[in-house]
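Q: Please take me through this structure feature by feature, giving the general rule for each term and then the case.

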Amino acid sequence: MAESPPLPVTLDRASTTPLAVQLAEELRAAAAEGRLRSGDRLPSTRALAAQLDVSRTVTAAAYEQLHAEGWIAGRHGSGTYITTAPPGSLRARARRAKPDVLAADAVDLTPGSPWAGGIDRSAWRRAWRGAADVAPLLRPQRAGLPAYRAAVAEHLLRHRGLRVSGEFDDAGEGEAVLATGGTTAAVAEVAAAVLRRGDVVAVEEPGYQRAVASLRAAGMRVVPAQVDEDGLLLDSLPPGTRMVYCSPAHQYPLGRRMSAGRRVELVERARHAGWLVVEDDYDGELRYDVAPLPLLAALAPDVVVHLGTTSKILTPTLGTGWMVAPPAVVTAVLEHRDRTGTSPAAAGQLVVIELARNGDLGRHLRKLRRELSERRVLLVDALQAAGIPMLGDDAGAHLVVPLDSAAAERALIDTGLRRGLLLDGLARHHSGPASWYGIALGYAACSRDQLRAAIPILVELFDRRSASLGERDGG
């Protein structure tokens with residue numbers, strides 16, 4: 001059988017990133033971007049090693065990692081092929097489900113979704129009616145609507161302790177709020193406006209893979225940076241790093257917060273090394289135990305770009321977010337928007353303006369914190385009573401149950417789907433080889449009744465996994 005054509009892969013032998021990691025990253029990106037499609041046959045590890053002039057150990061290690069993540073699959077006597085989707089995706093989980101269990105009927109316990117069911121429908125309709133009364137725009141608002149920026153500035157002061165201006169100075173510059181289309185769009189926008197193609201951006205590992213994909217699409221070279229219980233490990237950032245992306249208030253997906261000491265160290269290193277730090281505060285309003293630590297943007301407004309979104313506190317329907325950045329970055333982003341003819345959509349901004357003006361946004365946030373805090377208590381109490389370990393602060397809308405391997409993670413996700421639960425694993429949240437395994441349990445997308453019904457099933461699944469580990473280890 002003829003070998004597959006050469007793959008469009010380039011390895012940087014001068015990089016500190018291992019060749020196997022680079023290869024896995026290149027193939028993963030090619031599959032995610034559609035350059036490699038489902039059913040495409042890959043070269044054998046031997047043939048690919050010859051093509052790239054590397055040892056077969058490199059290609060075998062890369063294939064092994066991609067196989068563990070579900071990007072590729074082997075067919076006996078035929079070869080290795082790209083699969084339709086990685087096993088962590090909802091589409092792949094639904095595809096593997098038995099016919100009598102439809103994904104649409106399963107309880108969604110994946111992280112990243114808001115409690116949209118808790119939005120007061122009267123307030124929602126009132127906000128849209130108020131937004132509809134505003135005359136259509138004649139020209140795009142590159143920075144965002146002034147009233148929206150002012151509402152966000154007040155929100156940041158009241159709920160995140162960050163004092164910024166919603167307006168610009170006379171020169172059109174200054175540390176001010178810019179409207180965005182959300183954090184994912186904003187990350188790519190900052191990179192495209194400030195950096196050059198091929199610049200190195202360090203991203204937490206595990207971390208938010210949509211940000212990774214967005215940065216790659218903008219032409220950046222993404223390098224994974226490891227995290228521990230205190231947050232980003234700064235010594236894991238490679239030489240030549242230009243930008244650092246992190247989620248210090250509630251690390252995604254592990255759910256931990258960056259320690260005060262690590263925050264100070266990060267901003268000091270950023271100033272010394274010339275890094276731009278992007279702080280993704282995707283759900284920083286949702287903390288239930290103590291007041292959150294100061295934002296990086298409050299500690300170092302000169303080197304930090306702060307990003308926020310309405311997607312986790314309200315709904316992705318609005319497609320709105322915000323950015324607070326140093327003056328030079330603000331100017332660069334506005335110039336980029338002028339060059340590309342892009343602007344954040346105004347419709348969602350108008351709805352947020354109305355929700356804030358009527359006091360409905362503040363009322364919803366109080367209700368949201370109370371509801372999610374109580375849901376977290378239900379879940380945590382049940383898991384603790386069963387002796388099941390957990391990761392994550394008393395914050396946000398998800399927690400993590402660690403597991404020991406990719407196989408255990410996949411098996412539990414599959415079993416959960418057969419029992420009517422949509423679960424998410426940690427392995428898919430890596431851009432390099434997976435180093436964390438477990439289940440990230442979201443408790444916002446479902447109803448409280450659904451969560452109550454799901455908890456006994458979760459406890460049973462995790463207990464069964466613990467029992468099998470004990471038997472394997474001779475316990």
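A: Begin with accessibility: a residue is buried under 20% relative accessible area, exposed over 50% and partly exposed in between, using a 1.4 Å probe and protein chains only. The model is a predicted one, in which local features need pLDDT of at least 70 and side-chain atom pairs count only at pLDDT 80 or more, while totals for chains, interfaces and linings use all residues. Residues are numbered from 1 along each chain as its sequence is written, and side-chain values use heavy atoms, with hydrogens and water left out.

Q: How many residues does the chain have, and what percentage of them count as buried?

A: The chain has 475 residues, and 54% of them count as buried. Its secondary structure comprises 15 helices and 16 strands, taken as DSSP runs numbered from the N terminus (helices H or I, at least four residues; strands E, at least two). A contact means heavy atoms within 4.5 Å; among contacts between residues at least 6 apart in sequence, 72% join residues at least 24 apart.

Q: At what angle do H1 and H3 pack?

A: Axes are lines fitted to C-alpha atoms, for helices over the stretch in contact, and the angle runs from 0 to 180 degrees between N-to-C directions. Helix H1 (residues 19-32) and helix H3 (residues 56-69) pack at about 50°, with axes 8 Å apart. That makes H1 oblique to H3, since under 35 degrees is roughly parallel, over 145 roughly antiparallel, 65 to 115 roughly perpendicular and the rest oblique. On the H1 side, the residues in contact are Leu19, Ala20, Leu23, Ala24, Leu27 and Arg28. They meet Val58, Thr59, Ala61, Ala62, Tyr63, Gln65, Leu66 and Glu69 in H3.

Q: How many salt bridges are there?

A: The rule asks for a side-chain nitrogen of Lys or Arg within 4 Å of a carboxyl oxygen of Asp or Glu. By this rule there are 22 salt bridges. One of them joins the side chains of Arg287 and Asp393, at 3.1 Å from N to O. Arg287 lies in the loop between strand E10 (276-280) and helix H10 (296-299), and Asp393 in the loop between helix H13 (360-385) and strand E13 (398-403), so the pair ties together parts 106 residues apart in sequence. Arg287 counts as buried at 12% relative accessibility, and Asp393 likewise at 19%. Both belong to a salt-bridge network that also includes Arg257 and Asp289.

Q: Which other pairs illustrate the rule, Arg375 with Glu371 and Arg419 with Glu460 among them, and where do they lie?

A: Arg375 and Glu371 meet at 2.7 Å, N to O. They are 4 residues apart in helix H13, about one helical turn, and both are buried. Arg419 and Glu460 form a salt bridge with their closest N and O atoms 3.1 Å apart. Arg419 is partly exposed at 35% relative accessibility, as is Glu460 at 33%.
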